[in-house]
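Keep the structure open beside you as you read.

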Amino acid sequence: MAHNDFLLLNPVYAVTIGLGMLALVPLGVLWALLDTRRVGHERVAIKPTKFALSIAVYLLTAAWMLHYVRPARLESGLVQLATWGLLIGATVEFMCIVGQAARGRRSHFNSATPIDAAISTLMGVSAILFVGMVLPLAWEIAARPRADAAPLMATAIVAGLVLTFVFGALTGSAMARLGTATVGSSGARITRDERRRTGLRLRLAHFCGIHAMQAIPLIAFLALRVAGQAAALLLVAGTLGYSVITLTLLFRPTFPEAWLAIGTAPLTNRS
């Protein structure tokens with residue numbers, strides 16, 4: 001296989017790994033039925049199964065977005081960086097989650113042992129990699145979209161990728177800080193209920209943020225189908241609405257002590 005052919009297969013690799021992750025979902029369900037061990041309030045297999053589905057959607061979306069890049073640019077260094085960063089980061093993240101689940105250990109923000117801390121750190125680096133790599137892809141589509149790309153859809157893809165990066169970084173940082181916090185800025189101790197409910201809200205915000213890359217193009221698709229000449233206006237309104245929902249989930253404090261703690265806790269892990 002020629003070097004250029006290998007590079008041009010990147011969209012195929014994204015589809016292949018994405019479909020492979022999707023195929024693991026029913027196996028994860030079977031694992032959850034057979035393995036009764038729990039981490040926190042859920043069976044050990046639940047998190048790997050959820051992440052397999054999420055990563056599958058993530059990579060299949062990225063593969064679709066690569067078709068909005070000019071074919072001649074698929075072998076450029078910038079697109080290669082974005083594609084392989086997404087593939088490697090997502091794969092390593094998933095392997096760490098599966099490995100920790102198999103050990104019956106919490107995967108995220110866990111520094112209980114040196115092994116747990118090392119895996120948690122590796123997961124953090126992987127997450128930064130596959131979220132951060134959406135920016136080179138967004139730049140390539142914004143600066144040099146393929147000639148026959150619908151302008152509104154290309155704009156929606158770029159907006160979705162940028163929002164995924166911004167919201168992913170904000171929500172990921174907030175989740176990490178909540179994981180280390182024990183008291184609010186007033187000195188009051190965070191109750192278990194406060195932590196659980198605030199954590200749930202942050203996870204919802206994180207879900208919305210990470211999947212902006214699917215949501216915003218979907219809004220554009222619907223706008224093009226139903227709004228005609230007003231499609232661009234509908235896209236702007238939908239994007240703003242989606243952003244407001246995500247930011248409201250992120251910043252509106254349901255439990256003040258827990259949310260105050262997010263702003264004061266250092267970014268270091270607690271066992």
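Helix α7 gives the most to the nonpolar patch, with three residues. In this predicted model, that patch covers about 440 Å² of surface and is made by L135, V162, V166, L170, L247 and F251. The elements that give two or more residues to it are α7 (151–180) and α10 (231–251). Another member of the patch, L135, is found in helix α6 (residues 134–143). With a relative accessibility of 32%, L135 counts as partly exposed.

Now let us look inside. The largest nonpolar core has 57 residues, and those with the most contacts inside it are Y58, L137, I141, L161 and I216. Helix α7 gives the most to this core, with twelve residues. Take L137 as an example: leaving out residues up to four places away in sequence, L137 touches M65, L66, V69, A82 and L161.

Is T164 buried or exposed? T164, which lies in helix α7, is buried, as its relative accessible area is 0%. Setting aside neighbours within four places in sequence, T164 is in contact with Y58, V131, G209, I210, A212 and M213. A polar atom of the T164 side chain also lies 2.9 Å from the backbone oxygen of G160.

Next come the charges. Side chains of opposite charge can pair when their charged atoms come close. How many salt bridges does the structure hold? It holds seven salt bridges, and here are some of them:

| Salt bridge | Closest N and O atoms |
|---|---|
| K50 with E42 | 3.7 Å |
| R103 with D116 | 3.0 Å |
| D116 with R105 | 2.4 Å |

D116 forms a salt bridge with R103 and another with R105. Because D116 lies in helix α5 and R105 in the loop between α4 and α5, their pair ties together parts that are eleven residues apart in sequence. D116 is buried, with a relative accessible area of 0%, whereas R103 is partly exposed at 38% and R105 is partly exposed at 28%.

In the K50 and E42 pair, K50 is partly exposed with a relative accessible area of 47%, and E42 is partly exposed with 26%. Finally, R73, E140 and R144 are linked in a network of salt bridges.

Key. Residues numbered from 1 in each chain as written. Predicted model: local features only at pLDDT ≥ 70, side-chain atom pairs only at ≥ 80, totals over all residues. Heavy atoms only, no water. Patch = residues over 30% accessible without salt bridge, like charges linked within 9 Å, V, L, I, M, F, W, Y side chains within 5 Å. Areas by Shrake-Rupley, 256 points an atom, 1.4 Å probe, with all protein chains shown as cover. Salt bridge = Lys/Arg side-chain N within 4 Å of Asp/Glu carboxyl O. Helix = DSSP H or I, 4+ residues; strand = E, 2+ residues; numbered from the N terminus. Buried < 20%, exposed > 50% of the residue type's maximum accessible area, 1.4 Å probe, protein only. Polar contact = N/O pair within 3.5 Å; in protein donor to acceptor, adjacent residues only side chain to side chain. Contact = heavy atoms within 4.5 Å. Core = buried A, V, L, I, M, F, W, Y, C linked by side-chain atoms within 4.5 Å.
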